[in-house]
Amino acid sequence: MDSSSNQPEFDYLFKLLMIGDSGVGKSSLLLSFTSETFEDLSPTIGVDFKVKYVNVGGKKLKLAIWDTAGQERFRTLTSSYYRGAQGIIMVYDVTRRDTFTNLSQVWAKEIDLYSTNQDCIKMLVGNKLDKESNRAVTKKEGINFARDYGCLFIECSAKTRVNVQQCFEELVLKILDTPSLLAEGSKGMKTNIFKERPPQTDASTSSCC
Amino acid sequence: MLMQVEHFDDFTLASSWERFISEIEAVCRQWMADGPKNLLEKGAVRLEFSKNLYKVKSELKYASKSYCMEYYFEIPHNESKGSVWNFSLHEMQLCFGVKEFLVIAPQSASGVVLDAPEASKLLSAVAIALSNCSSLLPVVVPVHDPSRKAYIGIQNMGTVFTRRFEADHMGTQVPVQLMHLEGLYELFISKFAYSTLDLSVHLFKVHFTMKLTYRTLPYDEDDDVQGTDTEPTESEGNPGDDTHNKAQWDDDCPWSEWYSAEDPIKGFELIAIWSEKMVESSLQMAELENDSPREADKWIIFPQLSQNLSDASNGNQVGFASQMHLLIDALDMSFEAQFMEDFVSAVENPGPDNLKASRVIPPPSVVDRVLKELFREGMRDPNFAKGEHKNSRVVKGAPLESLFAQFCLHSLWFGNCNIRAIAALWIEFVREVRWCWEESQPLPKMPANGSIDLSTCLINQKLQMLAVCIERKRELNEDFEDCIGSMDQASPRVKEDDPVGEESDSSIMWTPGEDFDRKCDSPMTPENLHGSGMTVSRFNNEPEDVGLADLKASDCIRRGSAGVVGSMMLLKSNQRMHTPLTQDAPLMTEDMHEERLQAVEAFGNSFANISSEFTGLTEEASSVILLQNFSAQLERDILSSDMSAFKAANPDAVFEDFIRWHSPKDWEDDDAQENKSSEKLPIVDSDHGWPPQGQLSQRMSEHGNIWRNIWNDAPALPASEQKPLLDPNREGEKVLHYLETLRPHQLLEQMVCTAFRASADTLNQTSHGSLGQMAIKIGQIYVTMASVLKPLQVDRLSAGSEIIEDLRRLCVVLEHVEKLLTVAASLHRKFLQAPRLSEAIFSDYYNFNLPRMGTGSLGESTEMTFNKKQQVRIHERPVVSNMFTHPTANQSWRKVLSMGNLLNGHEPIFREIIFSIRDRVSGNHYAAYPSRVYQEEIETYRMYICGTSNDLRVALSVVSCD
């Protein structure tokens with residue numbers, strides 16, 4: 001945002017948000033992605049933020065990734081970070097079942113309540129794949145939830161860095177595929193619904209009156 | 001060579017008359033050869049009213065006159081089969097019972113009118129030409145003045161038979177007997193009676209079918225003048241003083257608070273059809289005339305729509321859309337000035353702008369009335385859910401019932417929404433808001449609790465913030481006056497006086513200082529807590545019971561407790577863990593969030609790493625980090641505040657206890673099984689398994705953990721004694737500063753968004769039954785609004801920009817929806833007892849309008865009239881019949897009834913009858929085609945009669961043997 005005044009050194013700026021119960025490894029996942037290292041980090045207080053520049057699909061992207069604290073006490077504050085996010089990463093711990101069930105019971109509702117972006121891409125991420133022996137949530141369950149909620153799904157490990165890059169990449173590719181999100185991400189681009197869409201005769205599909 | 005050709009011509013085509021015939025013949029041959037399919041490709045045009053009737057035309061010259069010959073033909077179509085009363089029939093088809101036909105007439109441009117001899121000459125020319133190419137097409141020629149609709153025609157039937165057509169019209173002075181079915185029947189009989197002299201004896205088998213059209217009386221015939229008079233006054237902002245006005249049709253529609261719409265449905269026409277029956281005597285006809293239309297076989301209804309409805313270009317229909325147009329004009333003008341005050345003061349130096357005249361500020365009395373409605377009325381808590389559509393939130397406005405949304409709606413109708421009137425009203429509005437602030441009066445129509453809804457516009461967020469600040473200021477003042485500063489008095493009082501568990505309610509009443517602390521806890525209590533032991537509600541789990549037990553031990557020092565946490569015990573002291581009352585997270589409007597985000601982003605990438613090494617730094621270095629952690633500081637403050645409150649509520653607690661409460665996942669129980677059982681039965685045995693066994697998670701227990709550092713520094717202080725996270729005085733003043741210095745275009749942008757949303761929310765409340773299309777349409781308009789209004793939030797608007805154009809288009813879209821809704825609402829209330837009909841008619845109207853609603857482009861109007869008809873089912877007939885109210889004495893003396901078949905005292909406005917006689921004609925006439933015609937019954941005589949109470953038109957077709 002502060003770079004908008006200069007020559008932008010990127011094609012698109014996307015805002016991503018990470019949510020999920022405390023201790024599922026959101027910050028570790030983010031660190032694993034941004035600095036390619038793994039640490040057992042101390043719990044996030046409120047919110048953390050990282051920027052990563054990536055090249056995806058031939059585009060230079062600036063990813064502003066917001067990492068929120070899972071503790072419910074911070075939840076009222078984190079609501080503001082949903083604003084304008086093009087992608088939301090919902091993280092759970094494959095070894096702890098409650099972190100998975102809370103996604104549908106708590107976090108999905110938070111998204112509905114606070115997300116201002118109708119087209120925003122959601123991604124379900126099962127972390128701590130390295131602790132396969134303690135697994136409490138099957139991959140099938142994850143897939144089913146993702147299907148019901150209409151989001152992407154991947155299992156990964158912040159520790160072994162398995163699927164970490166893919167997780168972010170896939171999300172970003174999906175955002176790049178969504179014109180309305182793309183329009184937001186690029187500065188100065190403007191959409192005109194009156195010019196874009198010719199009048200449609202089918203009442204149920206036309207989204208313009 | 002050339003001579004030879006002319007010579008040849010002279011021999012074959014003797015006269016210009018013959019040339020004319022051969023010209024016609026050539027055209028007809030071409031048409032016949034082409035056939036319907038090729039003609040379509042060659043540009044035959046479909047007649048507007050019909051689904052399958054097309055025509056081609058060709059111009060011909062004879063003598064000095066030019067003629068136009070038209071060929072009407074049908075493309076087989078699966079729908080329009082059936083009844084003779086098919087609504088898509090061409091006049092000629094109806095009159096003469098033909099399918100395809102030719103019409104030849106002088107070019108209308110030449111203004112030639114055919115007299116009878118000339119018409120028959122023309123007719124015979126075509127007839128000759130047609131027989132030359134052995135075509136069996138009927139041909140008709142208009143005679144006399146076109147308004148008379150008189151025709152003659154002829155058809156070669158392919159045998160010795162010829163059918164002749166004749167139609168004429170009687171404009172005035174219709175003989176009385178021809179007004180009655182009996183007389184018309186006899187007229188028909190007389191056409192062939194010459195062949196059978198004993199008319200009275202012979203019984204003719206006459207086929208008869210009839211179609212009657214009735215029209216309801218206009219709904220508001222008598223008050224038309226008055227009704228149109230009041231509307232302009234209203235739009236100038238005086239909806240209050242129209243007491244002389246009688247009840248409008250839309251009085252209970254949601255928009256009637258702001259304007260009165262013209263009833264789009266002026267009335268209905270009902271068509272009653274008697275299907276074909278055999279009539280054998282004139283007596284029978286007389287009986288038929290006494291039939292009530294209730295006995296008709298088929299009822300068909302269609303609405304008569306108001307002229308204004310179909311007139312898309314006519315923008316003077318008052319409604320939300322019309323006012324939104326004005327508001328957008330104001331937005332366009334708002335870039336002219338720095339402050340809203342500039343628009344008001346501009347009156348002293350009248351510029352060259354001649355628009356100034358229209359920019360009048362309504363008199364102070366009107367301003368006062370609006371302010372009174374905004375600030376004095378409806379002090380009760382607004383019901384924000386009212387009128388809210390599930391899509392409302394996508395439009396960045398304000399809830400319909402909120403202060404700012406109401407301000408926007410009032411400005412729409414205030415001084416016809418010119419920029420100066422808006423400015424004047426806004427200044428008074430802000431003055432009034434400041435008064436509330438200075439006097440600590442609750443802000444009306446704004447909730448003083450909850451969190452700030454970031455999906456609303458900034459002004460609404462600011463007002464929400466102000467409402468909360470005022471509320472907190474009041475609490476602080478009350479605390480000050482009552483000299484109740486500390487909580488340790490309050491808590492025991494609660495427990496003594498209110499053992500029933502309504503603890504939270506009563507504490508709000510008694511100790512306002514505790515109020516918001518309590519509220520802040522409520523979001524933490526819902527059932528969706530973590531699945532640990534904390535799932536048990538912190539309040540309701542019989543707090544008194546255990547609380548009293550605890551009181552004995554540490555009553556004197558425990559402060560700010562909100563009750564115990566399930567069965568959780570402290571680690572280092574055999575006591576129950578208490579939930580502290582905590583401070584609410586500070587409220588922030590979106591601009592404050594934005595500031596924070598930018599700060600985090602500016603320093604962001606590094607702060608987490610640094611903060612993890614927070615300990616062991618010098619004073620100087622840590623202050624640098626504090627600066628860098630500008631945003632994280634807030635969260636840290638909250639954490640610290642929670643820790644202080646926890647310490648105060650649990651004097652003997654250690655850091656691990658806090659973690660167990662605050663971040664339960666960072667506490668690992670040694671015996672999870674045991675924990676679970678105690679979770680289910682929390683009060684069975686409170687001493688069971690004390691002290692709890694377990695340890696902090698790896699990440700919490702690491703050396704130099706920042707949480708522990710904050711814990712160590714946090715003093716034990718109940719929330720009520722802590723420095724508030726939100727300073728109401730400062731934040732409230734900031735809000736007022738924002739409102740008072742708001743740039744005109746920023747105000748207008750938010751007004752546009754909010755007014756759009758509020759208009760849609762208002763319209764959304766209209767009851768229209770359950771019209772699916774309407775519901776979809778309304779859902780869509782929010783989405784459309786959201787996407788058009790989005791650029792407004794980016795704040796890069798300038799006067800006359802493209803966005804203004806888009807906004808105007810959006811108004812047109814809104815206008816469509818508004819019109820549709822008035823139609824839907826009007827239909828709904830007229831067909832309350834027959835919802836299927838209102839749905840069907842609305843659906844027709846909707847589909848009729850659909851092609852025109854797509855683009856939202858300006859001034860596009862196609863000349864089409866809505867004429868879709870709906871069949872009325874038997875059980876719906878009473879509803880329709882009730883619409884034909886018995887005429888009042890006043891209405892009935894105006895008219896002398898002359899036709900029969902009255903419906904509740906209404907005579908048909910239009911009557912159509914077809915008589916026919918069919919014959920199997922004896923075989924010997926048909927030597928050429930014996931087998932074909934033998935089986936066929938042909939209409940030897942057919943008469944079509946249509947008329948109103950003062951005119952009559954008769955068309956006759958007769959088959960004769962020449």
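## Ser916 of chain B

Ser916(B) lies in strand S16 of chain B, residues 910-919; strands (E, at least two residues) and helices (H or I, at least four) are DSSP runs, numbered from the N terminus. Ser916(B) is buried, with a relative accessible area of 2%. Buried means under 20% relative accessible area, exposed means over 50%, and partly exposed is in between, with a 1.4 Å probe and protein chains only. Leaving out residues up to four places away in sequence, Ser916(B) touches Phe188(B), Lys205(B), Val206(B), His207(B), Glu939(B), Tyr941(B) and Arg942(B). Contact here means heavy atoms within 4.5 Å.

## Basis of the model

This is a predicted model, in which local features need pLDDT of at least 70 and side-chain atom pairs count only at pLDDT 80 or more, while totals for chains, interfaces and linings use all residues. Residues are numbered from 1 along each chain as its sequence is written, chains are lettered from A and ligands numbered from 1 in the order in which they are written, and side-chain values use heavy atoms, with hydrogens and water left out.

## The two chains

Chain A has seven helices and six strands. Their order from the N terminus is β-α-β-β-α-β-α-β-α-β-α-α-α. Chain A has 209 residues, and 59% of them count as buried. Its accessible surface is about 8,400 Å², with 49% belonging to carbon and sulfur atoms; such areas come from the Shrake-Rupley method with a 1.4 Å probe, and for residues only the protein chains shown count as cover. Of the contacts in chain A between residues at least 6 apart in sequence, 73% join residues at least 24 apart.

Chain B has 33 helices and 18 strands. Of its 962 residues, 52% are buried. Among chain B contacts between residues at least 6 apart in sequence, 75% join residues at least 24 apart.

## Helix H1 of chain A

Helix H1 of chain A covers residues 26-34 and is mostly covered, with nine of its nine residues buried. These are Lys26(A), Ser27(A), Ser28(A), Leu29(A), Leu30(A), Leu31(A), Ser32(A), Phe33(A) and Thr34(A).

Arg757(B) is in helix H27 of chain B, residues 744-764. Arg757(B) is buried, with a relative accessible area of 1%. Apart from residues up to four places away in sequence, the residues it touches are Glu388(B), Ser392(B), Arg393(B), Val395(B), Gly397(B), Ala398(B), Pro399(B), Tyr782(B) and Met785(B). Asn849(B) is 92 residues from Arg757(B) in sequence, and their C-alpha atoms are 23 Å apart.

Val783(B) is in helix H28 of chain B, residues 772-794. Val783(B) is partly exposed, with a relative accessible area of 31%. Neighbours within four places in sequence aside, Val783(B) is in contact with Asn391(B) and Val394(B). The C-alpha atoms of Val783(B) and Asn901(B) are 52 Å apart, and the two residues are separated by 118 residues along the chain.

## Helices H22 and H25 of chain B

Helix H22 (residues 655-662) and helix H25 (residues 706-713) of chain B pack at an angle of about 115 degrees, with their axes 10 Å apart. Axes are lines fitted to C-alpha atoms, for helices over the stretch in contact, and angles run from 0 to 180 degrees between N-to-C directions.

The contact involves Phe655(B), Glu656(B), Phe658(B), Ile659(B) and His662(B) of H22(B), and Trp707(B), Arg708(B) and Trp711(B) of H25(B). By class, there are five nonpolar, one polar and two charged residues; Ala, Val, Leu, Ile, Met, Phe, Trp, Tyr, Cys and Pro count as nonpolar, Asp, Glu, Lys and Arg as charged, and the others, Gly among them, as polar.

## Cysteines

How many disulfides are found over all chains? A search of the whole structure finds zero, a disulfide being a pair of cysteine sulfur atoms within 2.5 Å. Cys133(B) is in no disulfide, and the nearest cysteine sulfur, that of Cys28(B), is 5.1 Å away. Cys133(B) is buried, with a relative accessible area of 10%.

For Cys469(B), the closest cysteine sulfur is in Cys436(B), 14 Å away, which is too far for a bond. Cys469(B) is buried, with a relative accessible area of 0%.
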